[in-house]
Structure formats: C-alpha cells, structure tokens
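Q: Hi! I have a protein model open and I'd like to go through it with you, bit by bit. Can you help me read it?

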Amino acid sequence: MTHSLTFDAVSESRPGPKWLARWRRSWPSYQAWFIASGGDNGPDRAACEAALRKYMPELVPVHAALVRLSGGSDRAARFLSTWCPPRYLGGCSLACAVSKDDIRLVRNYDLSPELNEGLLLRSEWCGRPVMGMVEFLWGLSDGINAAGLSIVLAYGGRQAVGRGFGITTILRYVLETCDTVDEALRVLQRVPSHMPYNIILADAQGGAASVEIYAGGGAKVQPRLIATNHQNDGSAPDRGAFTHTYQRADHLAGMLSTVADPATLVGNFKKAPLKQERYAEGFGTLFTAEYEPKQARMTLHWDGDIWRQSLARFEEGQKLITYGAPHAAQGGHIHDIDWVQIGMDYAAGRHPDWVQIGMDYAAGKQPDWRRFIPGWVDVA
C-alpha cells in the first residue's frame, strides 16, 4: 500500500488569487474539522480579533485581508485567527548544528500524508520576504525570512490546552517581525500558545536556541539544540511509546555531538530511527526540511528527490511524492475519515467519540478510525 502527497511551491507577495484558490480547495475539510472538533464553541469573532490586536498587531491587516478573500464569515475569521482553536496532534524531530562558518537547521515532518497541506509559500505580507511550509492556510510549521532567521517546530507531546494561539500563526508572526534569535525569543515568551510545542531557531549571525513552549503561555530555553515530542518539565508525553520520542531524542543527542560539518546533519534525518515509515498509522516522515540561515535558503528532501529554494530565486512548481507503507496497521486509518460527512453528522447531533480517540492515542494505540465515524458499520 502506498500513499502520496502533492507539494506546491507558490509565490504571492500579498494575499490574492493564489491564496484564494488554496482556500477554496481546503476550506470545506477545515470547516468540517473545525465544527466537528467544537470550534464553534470557542471565542467569538470580536474576542479573536481583539487577541490578535493585543498580541500580534502587525498581523491584523493580513488577517483582515484573508478574511475578506475568504468571504468574510464569522467562522472563517475565527478559524483564521487561530485564537483558542481545537486540539490537534503531530510529531517531528528537530536539530541544529553550528560551526564557525556554517549553521544548519533540520526538521523531519512526521504525520499522515492526508493531513498536510503540501504548500511551500513565498510571501511578503508584512513587507519582508518569508517562505515556509504552510499550516492552517496561512500559518507556518517551519520557515525562513530575508534576514536569515529560521524556525522549526515539533509537537510538545501532550494535549494540554490553555488560552493562546495556534502555534503556526505564532511562527508566522516571528518570521514576519523578527531578524534574530534574541528578538524571536522575546516574542515566544510574550505570545501565548494554546498547546505545548518544542521549537528551534537559528539566525544568519550563528545564533541558535531550542525552546519549550507551554500551553497558555511561557517559554523556556533548553540546553541542547535538539527536540522531539516530549518536554523536560517533568510531564509525560501522551504517545511516548508510539512516537519513540525518547529514543529519537537520544539518537539526536549522540548524533549532534559527532557532527563536525553542519552540512552533513541532514543525512542523519533520512534514515532510521529519525525517519518514520508508518504512513498508514498516521506517523510517517512526509519531508525533511533543511534551512541555511546564512544564505536565506532551504531544501526539501524526500527519498531520491530534493527541492532547493531561496528567497532571492524562488521557483514555483509542483512535485508528487509517493510514500510506501511497509508497516501498515490493520483496520481503518485516519485517511478513511470523511471530514465533510463528519461535519454534517455533527450538525445533526451525531458526534464522533473524540474523547476515546484521545484516550487511545494517550495509551499509544492506533485506533480503527472508522469506528469513530457516526453511522459507520463494519461489513467486513
């Protein structure tokens, strides 16, 4: 069994027809997820927009432009603000290697192919060039700006929730407004995240930092330039056994201690135990992102293929990537979920059992996703 994902490289200086085309393609599924996950019970539009003005005022005009393009509905405005959004999960491994002459920041993105947008976007929404991998239609899961500041994130390992923004919007804000790691750290300490995450940053001056972000606010710099899916605050990750987060962290620590040339760092991410191939279980490496802050460029890596991009010479294009699934689980998988149908069921009062899904994940189990779909019947 194989899985595939189409990656698009798109350049659009200001929100316009290219972004709108993406919205029209993705919003039906996002809206169904938002409804089914209880998003309509969150803060109203006025509260969401007030939070943006308070914490990230530079993004207010961008948010307003995106909402206008999307049609201007209250639900779209609330969704795009990402203020107190529903929970979501992820994986990822991160590391940064620094030498006298070079610095490289590398990330494996681990998730189901059906849950990634596959969009590399170059924009100048706040006046400076920024490019990165898009999440939630305008946030970033990793990226770089014209000053060379680079940032990557990993899920913090727990479904703890506080009042804050979706982390991908915060990463977008960092790259739109900061030039250095020190500036970025001040933003991360000031702007609250709604869930725990681990972040590594690097800049063109050779600065680097690994940071734990906590639900509801707070950020703490960590001693090592590595991160997986747990935190060092004494908490236990929900899916530690399933994600092998401690094993990956130990491997990263040992590996980083032997890296003399930062350019060789990325090769370690293309093989086990960092590379994941459990695509059918919702935990496969979809891409490896390598950032070079001094050159303001990045490279996406897959098996047998790479895609180099720079802010100065960005090239639009498309790649279809196919993934194998040698360790496919039995039963239904996350890609079996019809989010539009779930949204319709939710509106009719038939709700998936999200609590049971969370409990299964916390126990390290990969559930048969079909049994959480209202009305689904096993006829096998």
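Q: What does Arg128 touch, not counting residues up to four places away in sequence?
A: Arg128 touches Ser123, Asn145, Ala147, Leu175, Glu176, Thr177, Cys178 and Asp179. Contact here means heavy atoms within 4.5 Å. Before we go on, this is a predicted model, where local features need pLDDT of at least 70 and side-chain atom pairs count only at pLDDT 80 or more, while totals for chains, interfaces and linings use all residues. Residues are numbered from 1 along each chain as its sequence is written, and side-chain values use heavy atoms, with hydrogens and water left out.

Q: OK, and where is Arg128 in the fold?
A: Arg128 is in the loop between β4 and β5. Helices (H or I, at least four residues) and strands (E, at least two) are DSSP runs, numbered from the N terminus.

Q: Which backbone oxygen does its side chain reach?
A: The side chain of Arg128 reaches the backbone oxygen of Glu176, at 3.2 Å. That is a polar contact: a pair of N or O atoms within 3.5 Å, where within protein one must be able to donate a hydrogen and the other to accept it, and residues adjacent in sequence count only if both atoms are side-chain atoms.

Q: How do β4 and β5 pair?
A: They pair in the antiparallel sense over 4 bridges. Two strands count as paired if DSSP finds at least two bridges between them. As an example, Leu121 has Gly132 in β5 as its bridge partner. The hairpin of β4 and β5 has 6 residues between the strands, and Gly127 there takes a positive phi near 105°.

Q: What about β5 and β6, how many bridges join them?
A: Strand β5 (residues 130–135) and strand β6 (residues 139–145) are joined by 6 bridges and run antiparallel. Val130 stands opposite Asn145 in β6. This hairpin has 3 residues between its strands, and Phe136 in the turn has a positive phi of about 55°.

Q: Is β5 mostly covered or exposed?
A: Mostly covered, as 6 of its 6 residues are buried. Buried means under 20% relative accessible area, exposed over 50%, and partly exposed in between (1.4 Å probe, protein chains only).

Q: Zooming out, what order do the strands of the 9-stranded open sheet have?
A: The order is β10-β9-β8-β7-β6-β5-β4-β1-β16, with mixed pairing. β10 (219–222) and β16 (317–324) stand at the edges with a single partner strand each, so one side of each is left without a neighbour in the sheet. On average, neighbouring strands of this sheet are turned by 20° against each other, direction ignored.

Q: Which strands does α1 touch where it packs on the sheet?
A: α1 touches β1 (2–11), β4 (119–123) and β5, and its direction makes about 145° with that of β1. Helix α6 (residues 181–190) packs on the sheet too, touching β8 (197–202), β9 (208–213) and β10, with its direction at about 160° to that of β8. Axes are lines fitted to C-alpha atoms, for helices over the stretch in contact, and angles run from 0 to 180 degrees between N-to-C directions.

Q: New topic: how many aromatic pairs does the structure hold?
A: It holds 19 aromatic pairs. Rings of Phe, Tyr and Trp (its six-membered ring) pair if their centres lie within 6.5 Å; planes under 30 degrees apart count as stacked, over 60 as edge-to-face and the rest as tilted. Phe34 and Phe79 form an edge-to-face pair, 5.9 Å centre to centre with 90° between the planes. Phe34 lies in helix α1 (residues 17–36) and Phe79 in helix α4 (residues 74–81), so the pair ties together parts that are 45 residues apart in sequence.

Q: Are Phe34 and Phe79 buried or exposed?
A: Both Phe34 and Phe79 are buried. Ring pairs also link them into a cluster with Trp19, Trp23, Trp27, Tyr30, Trp33 and Phe136.

Q: And which peptide bond is cis, with omega near 5°?
A: The one from Ala272 to Pro273. Pro273 is found in the loop between α9 (265–268) and β12 (277–278).

Q: Last one: what share of the chain counts as buried?
A: Of the 380 residues, 58% count as buried.
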